[in-house]
Amino acid sequence: MVQRHPERKVVFENMSGISIERLYTPLDEDRQGYMETRGFPGEFPFTRGVQPTMYRGRYWTMRQYAGFATAEESNRRYRFLLEQGQTGLSVAFDLPTQIGYDSDHEMAIGEVGKVGVAIDSLADMETLFEGIPLDRVSTSMTINAPAAVLLAMYIAVGEKQGVASSGLRGTIQNDILKEYSSRGTYIFPPKPSMRIITDIFSFCAEHVPQWNTISISGYHIREAGSTAVQEVAFTLANGIAYVDAALEAGLDVDTFGPRLSFFFNAHLDFLEEVAKYRAARRLWAAIMKERFGAKNPRSMMIRFHTQTAGCTLTAQQPKNNIVRVAFQALAAVLGGTQSLHTNSMDEALCLPSEEAVRIALRTQQLIAYETGVADTADPLGGSYYLESLTDEIHDRALAYIEKIDEMGGAVAAVEKGYIQREIQESAYRYQKDIEKGARVVVGVNRFQIEEPEPSNLLRVDPAVREDQAKRLAALRARRDGERVSRAIEALRFAAQSDGNVMPPILEAVRAYATLGEICDVLRGVFGEYVPTTTIGR
């Protein structure tokens, strides 16, 4: 029989290189039995979701990642978002804050307030959350190397508001391993970095029990160019390394396991993304139960935040990004996310405007309140294609994890440059496909139009650094210098010994020691990380 319209391609593959068949039937799924691989929502292996009712009980937390310039300006943006119906805060910090430098340090020149808010001391943190009751909001902070310091500042702000640390809810990213492979905002070498992370686990288990002590991030791995399979594999391999480190520090898996959280990307291939989340849940459940002997079902659950893919936003025809983000957000919801950030249409050009961030938030609200997809758990479950794809991603990610195990784990794989090379090679293939036209990016390599130069872009005033420097000088002049010195020495002693560094960091923060002063003490004890591998070799 002659086909009137031959198929568009000889081979159909998704972004992970998985072949896509013309048709799927019951023979393509349920390889190992329904209960073993699918089960019911809220039950092991959690493939179909971590709660029995999913969004029938309540919607996912709607967070918009925000922060720029000064604490005052960011505070105004947070209030605006809360007024628009946002249900959780997500803080973006500027680059100097992320790598432990005060705004008046020479390394901060040109970067203060640019990609997030500048936080130098508890005084800035107090301003950032002024008028925002910390007992009524959940706050996520994208901070890694200095995560202990920012968490201590948040605890201290809560104290000043009369909110005990036991009443605080939120997350610190605190995922240093992906910084070495994908993002680059590290300070200390891997071993002391892992020690700080386990100190946070231990401290929060006792003092901040509702806090998610780490958000193990696949988002940045994907932004760096990985496939969906690699995102799952490398993220869970990092998770294994954190659990191993905590167990070696003497912690019980069911003490810290329920407070582990994850952070995934929502990329372009709609059904691959839905399957990715389902496969990740099944894999982690088995890892925690079978490898680490977890008994508490909450230790086996992947609870995750999702952000739509910043790397897919285009400067060309930026309104197309509204559609991209809507599909990506829908994939995250159909995949069972617990929390979601939707990118703004203008972020390929500048920091998001109020109009753009409102549209991004409305995208989530439209999905929640108008589409009906939140009315049943795992609505795409049972699709022959989706179930087959879930199995394939699961199996391929597991093969990666086993290979990383053979290398000695995620830390060793990073030190050998393996994970970096795998990501780089995937990113190169993806870019070459775009350049050849094998992968279409609407408005970029097809369907272009003549566009005017963008205008009215949100830019951060370079004077922000001068203002921050003046505030720092005034702070240092009025604080109790002797109290700061005592707190700094106590921190140095704890870092040099095997004491938990969180209590002295908290005391230093309360004394208004700056972020840079605290990180400099730790730099002096732990040293700074210098990459020893060359990506691509």
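A salt bridge here is a side-chain nitrogen of Lys or Arg within 4 Å of a carboxyl oxygen of Asp or Glu. I keep that rule at hand for this predicted model.

Entry 1: I looked up Glu 517 and Arg 476. Their side chains meet in a salt bridge, at 3.6 Å from N to O. The pair links distant parts of the chain, 41 residues apart. Glu 517 sits in helix 21 (residues 515-526), and Arg 476 in helix 18 (residues 463-478). I find Glu 517 partly exposed, at 21% relative accessible area. Arg 476 is partly exposed too, at 30%.

Entry 2: Next I checked Glu 489 and Arg 492. They form a salt bridge, with the closest N and O atoms 3.0 Å apart. Both lie in helix 19 (residues 481-496), three residues apart, about one turn of the helix. Glu 489 has a relative accessible area of 44%, and Arg 492 has 28%.

**Entry 3: a pair before helix 1.** I then turned to Arg 22, which forms a salt bridge with Glu 7 at 2.6 Å between the closest N and O atoms. Both residues are in the segment before helix 1, 15 residues apart. Arg 22 counts as exposed because its relative accessibility, 67%, is over 50%. Glu 7 is partly exposed, at 37%.

**Entry 4: the whole structure.** How many salt bridges does a search of the whole structure find? I note 30.

**Entry 5: a nonpolar patch.** Last, I looked at the surface. Tyr 34, Met 35 and Phe 40 form a nonpolar patch there, with about 280 Å² of accessible area together. Tyr 34 lies in helix 1 (residues 34-37). Tyr 34 is partly exposed, at 34%.

Definitions and conventions. Residues numbered from 1 in each chain as written. Predicted model: local features only at pLDDT ≥ 70, side-chain atom pairs only at ≥ 80, totals over all residues. Heavy atoms only, no water. Patch = residues over 30% accessible without salt bridge, like charges linked within 9 Å, V, L, I, M, F, W, Y side chains within 5 Å. Areas by Shrake-Rupley, 256 points an atom, 1.4 Å probe, with all protein chains shown as cover. Helix = DSSP H or I, 4+ residues; strand = E, 2+ residues; numbered from the N terminus. Buried < 20%, exposed > 50% of the residue type's maximum accessible area, 1.4 Å probe, protein only.
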